[in-house]
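Please open the structure in your viewer and keep the selection panel at hand. The stops below are meant to be taken in order.

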Amino acid sequence: MALADFLADLDELVAQASAAFEAATDTEDLEAARIEFLGAKSGRLKNVQKGLGKVDKPDKPAAGKRFNEIKKQIESALEDAGKRLSAGGAKGVAKTTGFDPTVPGTRPQLGHIHPITQTIEELTDIMGRLGFTVTEGPEVEDLWHNFEALNIPLAHPARDPLDNFYLATGKMTAGVPQGEGGWLLRSQTSTVQIRAMEKTKPPVRIISLGRVYRPDTADATHYPMFHQIEGLLVDRHVTMADLKSILHLFASSFFGDDVDVRFRPSFFPFTEPSVEVDMSWHDLWIEFGGAGMVDPNVLRSVGYDPEEVSGLAFGLGIERVCARRHGITDIREFYKNDVRFLHQF
Ligand code: FA5
């Protein structure tokens, strides 16, 4: 092979390699060009090198020298192109692979516990420390547990179909189930008092937290589905003083020491005497629920002897407790599922 041909091949190669490296717009392009020209196995420089062996013997030193020069030129053109691309910074890299390890990661969006559930967990914890264990009851309830056993007789206005979600599972008259098999969505967690006492002999010290349903029109303090926490303590010598101190401990554990609890005389068929429970926190009194001493008729309905034991019971609205704690003025916010609202808790 003539020296001139070999040198011409080298010149062409360096021109083409430099052009390819300069044309590379990202590191992938550049790597492909590197492999094409400098690839160890079948790169084009390697192929031209094979021609070196065929150059006439006297011309070999000159050919070899020129080959080494060209090789260096191509390598430095590659290096320059690499520097040019990395000077483009994160942008250049991101364009090539779609991944830039220098950019801070985006945090995955994590859901978190709904404020009502958080409140339920906290109330459970507080009452647990006062020795109350959690009992659950069904949300679809029979008439015995929702009314009869709670001393709410058939003609009582609390049974009005306008105040209850009856299920049309049997014979209905004027929206009210007739006979034994009537069912409804429970209107209060007091049903669980009965279920707990039916299962155990005194002493009883339980709480129950869950959903209840009433056809109330939704407004700032009412929702047709809401949550209550029910508490029941039955033992010898339980008094109103115990009721008040338990509710006070409960309120101060949840709100802080600057909370006040007051009782207003009231009426519930299943407690005697009965009270409305108000709590004041930061100078604002709010009604949280009802309470009282378990009516002897209720104790009798589950086979307890009211001469032997007495009981205290209370039922508080969890939405109201949670709203007051967080300064929420409309409980409907809890159920709009607006994540901007829910993310605050
Ligand atoms: C009762 O439900 C009784 N079972 C409470 C009770 C238990 C009394 C044990 C005696 C012994 P009342 O209907 O007042 O009581 O409801 C209690 C609380 O539930 C209310 O004070 C209020 O905080 C909450 N509440 C009632 N209706 C709604 C509603 N529609 N939406 C949100 N919260 C409500």
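In which strand is the place of Pro 273? Selecting Pro 273 takes you to strand E10, residues 271-281, where strands (E, at least two residues) and helices (H or I, at least four) are DSSP runs numbered from the N terminus. The model is a predicted one, in which local features need pLDDT of at least 70 and side-chain atom pairs count only at pLDDT 80 or more, while totals for chains, interfaces and linings use all residues. Residues are numbered from 1 along each chain as its sequence is written, and side-chain values use heavy atoms, with hydrogens and water left out.

Stay at Pro 273 and display the backbone: the peptide bond that reaches this residue from Glu 272 is cis, with omega near 0°. Next select Pro 202 and Pro 203, which are joined by a cis peptide bond with omega of about 5°; Pro 203 belongs to the loop between helix H8 (191-199) and strand E7 (204-213). Then go to Asp 283, in the loop between E10 and E11, where phi is near 65°, a positive value in a residue other than glycine.

Now select the ligand and its shell of 25 residues, of which Gln 188, Ser 190, Arg 214, Asp 216 and Glu 287 come nearest; a residue is counted as near if one of its heavy atoms lies within 4 Å. Strands E8 (225-235), E11 (285-294) and E12 (310-317) each supply at least two residues of this shell, and E11 gives the largest share, five residues.

For the polar contacts (pairs of N or O atoms within 3.5 Å), begin with Glu 287, which has a polar side-chain atom 2.6 Å from an oxygen atom of the ligand. At Gln 228, a side-chain N or O atom is 3.0 Å from a ligand oxygen, whereas at Gly 289 a backbone N or O atom lies 3.2 Å from an oxygen atom of the ligand. The ligand taken alone exposes 680 Å², and the protein buries 93% of that, with accessible areas from the Shrake-Rupley method and a 1.4 Å probe.

Finally, zoom out and colour by domain, with bounds from an automatic or database domain assignment: domain 1 covers 3-95 and domain 2 covers 115-137 + 193-342. The centres of domain 1 and domain 2, taken over C-alpha atoms, are separated by 83 Å.

Notes: Polar contact = N/O pair within 3.5 Å; in protein donor to acceptor, adjacent residues only side chain to side chain.
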